[in-house]
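Please read them alongside the sequence and the coordinates.

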Amino acid sequence: MVNSDFFANLITKITKGRRSQARRDSPSHTQAGGETRIVRTCCPAHNCGGRCLLVAHVRDGVIVRLDSDDRRYDGIDNPRLLACSRGKSYLRRQYHPDRLKHPMKRIGKRGEGKFKRISWNEALDIVSGEISRVRETYGNSALFVPYGTGSYSNTNGSHLARRLFNLYGGCLGTYNSYSWACINRATPTVYGTLITGNQRQDWVNSRYILMWSWNPAEMIDGTNSAYYLQKARENGARIICIDPRKSLSATGLADEWIPIRPGTDVAMMSAMAYVMIDEELYDAAFVATHCVGFDAAQMPEGLENPESYEDYILGIRDGIPKTPEWAEAITGISRNKIARIAREYASIKPAMLYQGYGMQRRAYGEQAVRAGCVLAAITGNVGISGGWASGLGLQAPDGGSLWLAFPLDDNPVQASIPVAAWDKAVLHGTEMGKKDGIVGADRLDNNIKLIYAIATNCLINQHMNINRNARILADENLIEFLIVQDQFLTPTGRFADVLLPACTSFETYGVQDGWKYGEEVILMPKLVEPLGETKSDYQICAEIAERLGIGETYTEGRTEREWVDYILDVYRAGRFPNIPGIDEFEESNIGAYVVPVTEPDIAFTDFRQDPEKYPLDTPSGKIEIFSRELYDMGKLDEIPAVPKYIQEWESPFGAEVNKYPLQAIGSHSLHRVHSTHDNNDWLEEAFPQRVFINRIDANQRGIKDGDMVKVYNDRGAMVIPCRVTVRIMPGVVDIPQGAWWTPDKNGIDRRGATNVLTSERLTPLAFGNAQHTIMVQVEKHEENGR
Amino acid sequence: MHSKEWPLIIFTILAQMAVGAFLVLEAVGILAAQQNYAEEMIDALINPALLFLIPLLAVGGLIAAFHLGRPLRILRIISNLKHSWLSREMLLGAMFGLAISVYTVMRLFEIGSVAVHTVVALCVAISGIGLVYSMSRLYRLRTVPAWDTAATPATFFTTAFLLGTLAVGLVVSGAYTRRALVDDTLRWLASAAVVLVGLQLAVIALNTAYLSSRGGVSAESTGAMFASYRTVFFLRLILAVVGTGLFSVFAFQTTSYSGQETVARSMFYIAFALVLASEILGRFLFYASYKREGI
Amino acid sequence: MSKRYGFYVNLASCTGCKACQIACKDKNNLGVGVLWRRVVEVNGGEWLKDGNAWLDNTFTYFVSSACMHCEQPICKEVCPTQAITQRDDGIVLIDSDKCVGCRYCEWACPYKAVQFDEAAGVMTKCNLCYDYLDIGKSPACVSACQMRVLEFGDINELRSRHGNLDDVYPLPERSLTEPSVVLRPHRDAIRMNGEFAHIGNQEEI
C-alpha cells in the first residue's frame, strides 16, 4: 500500500526543471526582466469600508507585486493606509484564469450558464436594441440598475449605468442599501441627521468603548478604525465587544467579549436602561434639557398619553419591567453582567457605544439602532470629546467624503424602491405602493422588465433567498432581458442574456476617496492594459450611449482620465481645496492626497452647548427618545414610538425552533468583500469557507471538527465542512456571507452561500433586508454511495 | 496523514532487515565453524542467503531516493557529514551496500583469502551497524520528544535482528547442505528469535510508559497514537509474538522429527510474513507517533 | 555584539487578520500550500449553561509566526546537503538549488518555518526579505501590519525594549533552538493554562 501519488509523481519528479516552479506561475517570472515601475495607487476596495494605499510594481505590462503604504509618517492624524488581506492578495484576482475576457451571449436556458463568444459590436447592438425595445414597449420605469458595489473607482461601477439610463429618460430609482438600511432610516428619527460621529482621531479620548455588533478588524469600517481602537486602549480605554461570535475584533481589540443571542440586542439595552433608571445613574440633567419622551413628564405636546420610554422600561403599561433578569432569559447574558455593563457605561466618562451594522440587518433592526442612540443620549455621551452619539456615525462636520463624485445626472423617473425590494418589483411592481416602501410616486406603473447589472452579485448571491431569486430570474416572461457586466462569471452572471467583460480598476484611470471615514483622495492611475477584450464600465456604457444616440451627452467628450480630472475639480471645489489636478497628481506619484486631522471634529457640540439656539433637525428640535413621526405611523406593534424589544419573526423563542433550532448569522469575513474575492485562492487558504458551530451543538449532533455538514431550512440547503469552535455562542452558527452559490444537481449549495437560507421579508420601517434573522438545522452529512 | 511516510517505512525495514540478516548469517557462520562444520557446508548454507541481501538493499535505497522532492540530486545528501545524521546514514548506507557487494562477489567467486574475507566481513558488519545506528540517530531530534529516546535505536536494532533471524531461518531451511547444520542453525535462530521478541516487547512497554509519564508533547504523541491506532498497536504485538512463536516451535520441531521439513518451511514463510507485517505496523506507528514541539 | 535580526510581535493587539501572511505571499510569489508566515489561532475553555445564561471561560488569541532565525537553527544542523546557511546577521537562508527535498528540516523545525514547495520539490523559507533590508526597507510582513504590532530589528535591541518573553503557547521552549523573537502576550495567553489550549485553525497553517 505504498501511496499511489508516490509512483504517479515519479516521472514528474525526474523531469522537473531546475528552478522552483511554484514561484514561476506568478506573472513576475513569466516575463523577461524589464524596467520595474513603482506606482502608488488605491486598493480597488469594492465595497469594504476602507480605502487603502497599495504600491504597485509594474514590469513589462504586468503588475508583479503590491507593496504596502510606504509613506514615512504614520501618526494618528495621518496614518498609513495599510491594506488588509484582500487588498494584499489582489493579484490573485487580477490575474485569475477565470477573468471574463470576451463578450458572450446566452445559448442555453437562462441560468444554465451556457454562453457563446460574440464580438463587441454584436453584443452592444443586442444590448442597445433591447434597452430601446423595452423602453418603447413599457416606458423608462421598466428599466432597472440594481444595487451594485463591486467597483467603486468612479470610472468603474454600477453608477455608470445609472448615468446612462438617466440621460436616456430615466429608470426605476432605488434608495437605501443592503448594508445599513435600518440605521440609515432610524438614526434621523432620533437625531435628525446621519452625521452623528466624531472624527476617529477623537476615539483615543474615550475611557470606555462598547463595540456593539461591530467588527472593524474584519469588515474594515474605515481604514485604520481598528488601529484607532488599539490606540484608545493604549490610552487607557476599556473596550467591550458585544457579539454572538468572538470576532477578530473581540479577540484583538477588546478587553472583554460578551456573547449575546442574535436579535436580542434591544433586550440588553433596555435592561441597561432599567439599571440606570433604577440606580439613578443616567444623566438626568442632559436628558431634561436635550431629550424628549424619556418619561411621562417629558412627552411632546399633545402626546402626553402615549407610553414614554421610562414607562416601557419599568413596565408601567405592559406589566413587564425590563430588568436584567428579564433580559437574561432573552439574551443569554447573565443578569450580573448586564447590570455591570450598565453601571460601567453610565459611570465611566466619556464613553462610546458604537453600533455596528450586523444587528440592524435583522427583523426589527430599527429598534436596535434607536435603543443604542437612546442609551448614548441618557448617559450624556452626545456632543463631547471621547463620547459617541451612536447611530450611523457619519463623521462631523460634513458627513465625510463623497464616495462617488461621477455625475449621474437627474433621474426623470420619480419613483424609487428600496434596493432590497427589486424582487417584488419584478414580480408585482404595479401592485406596489407606499406601504411597500415606494417613494416619489404613489405606485409603480411597471414591473421591472430589463436589468442592467454592473458590478453586482445582488440578483442571485447577495439577495435574500437565492433559490427564489433563481426561479424569478429564470422566468423570461418576468425579466425580458438581463445584461450582466462584470469581471467574472458570478452566480448572477450565469443568468445573463448578454455578458459584458469589464476591466478591473487597475486597468483604467480611477479615483477613490476615504468613503465613510478618512480625509484622503487616492488616485488610481491606469497600471496596465485591460485584459483580453475587456473595457472599463465607463467605456462600455459610453459605447451603448453612442448606439442609443446620446453618446456625446454621456461622455461630454471625456476619457476616463479626463473624468478623473473632472472629479478632482469637484473635490477641489469642496472639501479638498488644494488637491492637485491629474497631471500633477499622477506625476508626483504621491498616491494619496491627505488632509491630516489634528483637531478632530466632535458631532453635536453646538447642540450640546445650547439646544435652544442650535436645535436638531427633528420635529421637537431635541433628541427624540419618543418619536412623533413614528407614533403617527400608527403601527406601534412593529414601529413603536420608543425603542422596544420585539421578538423576531424567526427566533429561538417561536414554534419554528422545533424544526430549526439554531440561529444562523452571516459574518463578514476577511476572505471576501461581500462576494468579491470568493475565487481568490490565497484568501481561501487563509480563511476557508466553513460553518462555524459551537462544540456543544456539534456534540449533540455527532459532528466533529472538519466534518461535512448540511445546513438547511425551508428555503434551501448547503453542504460544506464545519469548524467546531468555542468562538461562537451555543445555539448559533455562523456562515460567513458572500460565498458563490454553487448548486449541485439536487439544488444543494456546495460552497456555503448564506443566502440560500435567508428570507426576503423586509423590516417594517426601513424596508431593509433582515438577512441575519434566520433559523436553521445542522446535521452531519453522509455522501450517498460512500 | 502518515501515508507520505510509506517509502520511509519500507526503506528502513528493508535496510535494517538486510543488516540484521547479514550479521545473523555471519554469527551462524562463526558458530558453525566453532562446531567444526566443514567450510563448504557453511558456504552452502550462507552464500545463497547472502545473494538476497543486495536486492533487498537496492530496492530499499531506490524507494528512499524517490521519496525525495528532487531524486536526481541524491548525491548531495552526503554533504553535511559534520552535523547531519542523514548525511551519515546515506554514507554508511552506501558503504554497507558497497562492502556487502564486494563481500558477496568475493565469497561466491572465491576471490581472496580467508583473512581478506574476514576483513571485508568486518567492514560490512561495521558499516551495517553504523547504518542502523545512524538511522536511529537521525530520528532523535530534540524537537520530537517521542522519537528522542533510547528506544529508537533499541527498536531499530531489535527489528534488524528479529527480521534478520527469521529471514535467515527461512532461507537456510531450504539450503542444500548437511541436515545437522541446518538443524543446528535453526535451533540457534529459534533461541535468538525468542530472546529478541522478548527484548522488543520490553522496549515497547518501557518506552510507552516512559513517554506517558514524561507529559507534554511526549505524552500527547503516545496519546494521539493510541487514540487513532490502538488496534494497530496490539495487532503489531500479537503478530510479533505469534510469528516468532510459530517460527521457534517449528524450528525446534523440525530438528526433533525428520520429515517435517515441508510443513515447517511453509510455517517459516507464514512466521516471517507475520513478523514482517508486525514490524511494518510497528514502523508505521513510529511515524504516527511523530509530534513535534511547537507549532 | 554584532547585529542579529529578529522579530517582535505584540500579540496583545494582534487581530489575526493575516495581512502579514498574504503580504509575504505577494512579495515572495508563494503558491497555495506554501506559507512562510502563518497565523496560529489558539483556543480553549468551555461553555456552561447557568439557568438562562450562558457562561464561558473561553480564550482565544493569535500568534503570527514565521522563521525565527534561531541562534541554533535546527534546520541547518540536520540539513544533509548544507542547503541551509546562516548569515552573520542571523538570517537563515535556504538555497533551493542545493536542496534535495528530503523534508528532514520540516520534521525538525518547531515553528513550521521550512515549507515544502510541492511543485518545485524543494524546501523554501522566510529570508527576512533581505533584498528589502539591503535597500533600507522593512520586510513585507512588517510593513503590511495594519495594527503595527509586528516589528523587526536587532534582536538585542528588541529585547532591551520589549523584554525576553518568547515561549507563548504553542511556541516551544526557547532552549530548543534559541529563536530570535520577542513576544508580548495576549491577555488570554496570560491567564490560560497550556494544558487546555489547542490550535483552532490547524487546516489554515
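How many residues of chain C are in contact with chain A, and how many of chain A with chain C? The answer is in point 2.

1. Basis. This is a predicted model, in which local features need pLDDT of at least 70 and side-chain atom pairs count only at pLDDT 80 or more, while totals for chains, interfaces and linings use all residues. Residues are numbered from 1 along each chain as its sequence is written, chains are lettered from A and ligands numbered from 1 in the order in which they are written, and side-chain values use heavy atoms, with hydrogens and water left out.

2. Chains C and A, extent. In chain C, 63 residues are in contact with 69 residues of chain A; contact means heavy atoms within 4.5 Å. About 5,100 Å² is buried between chain C and chain A, 49% of it on carbon and sulfur atoms. Buried area here is the accessible area (1.4 Å probe) that two parts lose on being put together, summed over both.

3. In one of them, Glu203(C) meets Arg723(A) at 2.8 Å, N to O. The rule also gives 26 residue pairs in polar contact across the interface of chain C and chain A, both residues at pLDDT 80 or more. A polar contact is a pair of N or O atoms within 3.5 Å; within protein, one must be able to donate a hydrogen and the other to accept it, and residues adjacent in sequence count only if both atoms are side-chain atoms.

4. Helices (H or I, at least four residues) and strands (E, at least two) are DSSP runs, numbered from the N terminus. The largest share of this side, eight residues, comes from α1(C). Its residues divide into 25 nonpolar, 22 polar and 16 charged, where Ala, Val, Leu, Ile, Met, Phe, Trp, Tyr, Cys and Pro count as nonpolar, Asp, Glu, Lys and Arg as charged, and the others, Gly among them, as polar.

5. A linked set of charges. Arg690(A), Arg723(A), Lys18(C), Glu203(C) and Glu204(C) are linked in a network of salt bridges.

6. Ser13(C). This residue lies in the loop between β1 (5-10) and α1 of chain C. Ser13(C) is buried, at 7% relative accessibility; buried means under 20% relative accessible area, exposed over 50%, partly exposed in between (1.4 Å probe, protein chains only). Neighbours within four places in sequence aside, Ser13(C) is in contact with Gln230(A), Arg233(A), Gly252(A), Met147(C) and Val149(C).

7. Chains B and C. This contact takes 31 residues from chain B and 37 residues from chain C. The buried area is about 2,700 Å², with 57% from carbon and sulfur atoms. The rule finds one salt bridge across the interface of chain B and chain C, and Arg142(B) and Glu77(C) meet in a salt bridge at 2.9 Å, N to O. Residue pairs in polar contact number 23, both at pLDDT 80 or more. On the side of chain B that touches chain C, α3 (85-108) and α4 (114-139) of chain B give two or more residues.

8. Salt bridges within chains. The whole structure has 74 salt bridges over all chains. Asp583(A) pairs with Arg561(A), the closest N and O atoms being 2.9 Å apart; Asp583(A) is exposed at 53%, and Arg561(A) is partly exposed at 25%. In chain B, Glu26(B) and Arg107(B) form a salt bridge at 3.9 Å. Glu26(B) lies in helix α1 (residues 6-34) of chain B and Arg107(B) in helix α3 of chain B, so the pair ties together parts 81 residues apart in sequence.

9. Cysteines. There are zero disulfides over all chains, a disulfide being a pair of cysteine sulfur atoms within 2.5 Å.

Definitions and conventions: Salt bridge = Lys/Arg side-chain N within 4 Å of Asp/Glu carboxyl O.
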